[in-house]
Amino acid sequence: MEQPKSGYTLITGGAGFIGTNLAHRLLSDGERVTIFDNFSRAGSLDNARWLSDVHGARLSVERGDCRDAYAVEAAVRNATSIFHLAAQVAVTTSLEQPLVDFESNARGTLNVLEAARRLERRAPLLFTSTNKVYGPLHDVSLEESDFRVEPGVAASCRAGIDESRPLDFHSPYGCSKGAADQYVLDYARTFDMPATVFRMSCIYGPHQHGNEDQGWVAHFLIRALAGESITVFGDGKQVRDILFVDDLVRAMLLARKRMQELSGTPFNIGGGPRNCISLRELLDRIGSLLGRKVEVHYEPARLADQRYYSSNHESFSRATGWKPAVGVDEGIDRLSTWLLARRQRAPQPVAAKYSSAFHDHTLDAPSGSGSHQ
């Protein structure tokens, strides 16, 4: 799979969960796509194999790492649009390896920005940031019930957290993603680059290989389908708005289309208050889906975890007309159907198939292959 000479959309972290769904949509629409990925995440090789099997020659794969400025420059050189998703994606990893986290998220993003800035014809660039840039939100007044917490009747954030919320980085992960977030916005303003930022809540859907640190909706389903116990950090009443990946991909393509208007502006993207669910409510939903009780083990809450977060996506909706279309029940059913079908398929030896095809610039230190796996 040789990289096309020109006219392709570049997706860094393109073999990750979101990257795979985005690439599939673009390729299905007839575009040429190059995915740039270090394949360190579980399931990323399987995702690349699936994309290649479905789309063939329109897909090119570049095996590399965003910490390698030379590899990034080569990948960006002939891109007509850029979706920068590659990242170290776990708070826990950032606590264990803060330097790796910084190099992957902050320095890696700066490498992408510098390569994009040198393009003769500027390519629109979308960076996937995180709701973690707003910190733990300790000042949000919450009411508690048996299954969830939520803002009180008089709370100003009942419609969700909007972009006027002050940034408040917590954990090395929050700092590295927050720094990258701000660099993208500043490059848009300082260097007149067409670039914007999505501060995303919890994204879920097919091709997600969730674990305890990231991709919790898929992780809960995967463990439950295997008959394994699920570890919950905290009391399980914490609430998130969840967004099905097809809705996110629609938002990404709208952002690219309207980039000249949106450039330099951050947007909170998520399911919003209508698609909020607590961990306990999800576990109950999974139990009903499987017809049996899910075994749960509780551990202390983790650093900087938000008890409640819901995106107020009205700013992006007003600018583009976008709104989430897939509700919680439908999305969970679609993800569980995909996971069940995947369990029934025998694993395939993808590494050997791809090892000779990759143009390999991978560094030795671990790094996430895609944002929001």
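In which helix is serine 171 found? Serine 171 is found in helix α6, which spans residues 171-190. The model shown in these views is predicted.

**View A. Serine 171 has a positive phi.** The phi of serine 171 is near 75°. That is a positive value in a residue other than glycine. Most residues other than glycine have a negative phi. Serine 171 belongs to helix α6. Its relative accessibility is 14%, so serine 171 counts as buried.

**View B. Phenylalanine 39 also has a positive phi.** Here phi is near 60°, and again the residue is not glycine. Phenylalanine 39 sits in a loop between β2 (33-37) and α2 (44-55). Phenylalanine 39 has a relative accessible area of 8%, so this residue is buried, as the cut-off is under 20%.

**View C. Strand β5 is covered on both faces.** On one side of β5 are Leu125, Phe127 and Ser129. On the other are Leu126, Thr128 and Thr130.

**View D. Strand β5 pairs with β4 and with β8.** Strand β4 (residues 79-84) runs parallel to β5, and 3 bridges join them. Look for phenylalanine 83, which stands opposite leucine 126 of β5. Strand β8 (residues 195-200) also pairs with β5 in the parallel sense, over 6 bridges. Here leucine 125 stands opposite alanine 195 of β8.

**View E. Strand β10 pairs with β14.** Strand β10 covers residues 230-233. Ile230 and Val232 point one way, while Thr231 and Phe233 point the other way. All of these are buried. The parallel strand β14 (residues 296-299) is joined to β10 by 4 bridges. Threonine 231 stands opposite histidine 297 in β14. Phe233 has a charged neighbour too: the charged end of arginine 302 sits over its ring, 4.3 Å from the centre.

**View F. Two tyrosines stack.** The structure holds 8 aromatic pairs. One of them joins tyrosine 134 and tyrosine 309, with 6.5 Å centre to centre and 15° between the planes. Tyrosine 134 lies in the loop between β5 and β6 (142-144), and tyrosine 309 in strand β15 (residues 308-309), so the pair ties together parts that are 175 residues apart in sequence. Both tyrosine 134 and tyrosine 309 are buried.

**View G. Phenylalanine 316 and tryptophan 322 meet edge-to-face.** Their ring centres are 5.9 Å apart, and the planes lie at 65°, so the pair is edge-to-face. Phenylalanine 316 is buried, with a relative accessible area of 0%. Tryptophan 322 counts as buried at 1% relative accessibility.

**View H. Arginine 117 lies over a ring.** The ring is that of phenylalanine 191. Arginine 117 is over its face, at 4.3 Å from the ring centre.

**View I. The second largest pocket is lined by 15 residues.** Its volume is about 260 Å³. Gly271, Arg274, His313, Lys323 and Pro324 lie nearest the centre of this pocket. What classes of residue make up the lining? The lining has 5 nonpolar, 7 polar and 3 charged residues.

Conventions: Residues numbered from 1 in each chain as written. Predicted model: local features only at pLDDT ≥ 70, side-chain atom pairs only at ≥ 80, totals over all residues. Heavy atoms only, no water. Buried < 20%, exposed > 50% of the residue type's maximum accessible area, 1.4 Å probe, protein only. Helix = DSSP H or I, 4+ residues; strand = E, 2+ residues; numbered from the N terminus. Pairing = 2+ DSSP bridges. 1 Å grid on protein atoms, 1.4 Å probe; cavity = no way out; pocket = protein on both sides within 12 Å on 5 of 7 lines; lining within 4 Å. Points joined across faces, edges and corners; volume = space filled by probe spheres on them. Nonpolar A, V, L, I, M, F, W, Y, C, P; charged D, E, K, R; others polar. Phe/Tyr/Trp six-rings, centres within 6.5 Å; stacked < 30°, edge-to-face > 60°. Lys NZ or Arg CZ within 6 Å of the ring centre and 35° of its normal.
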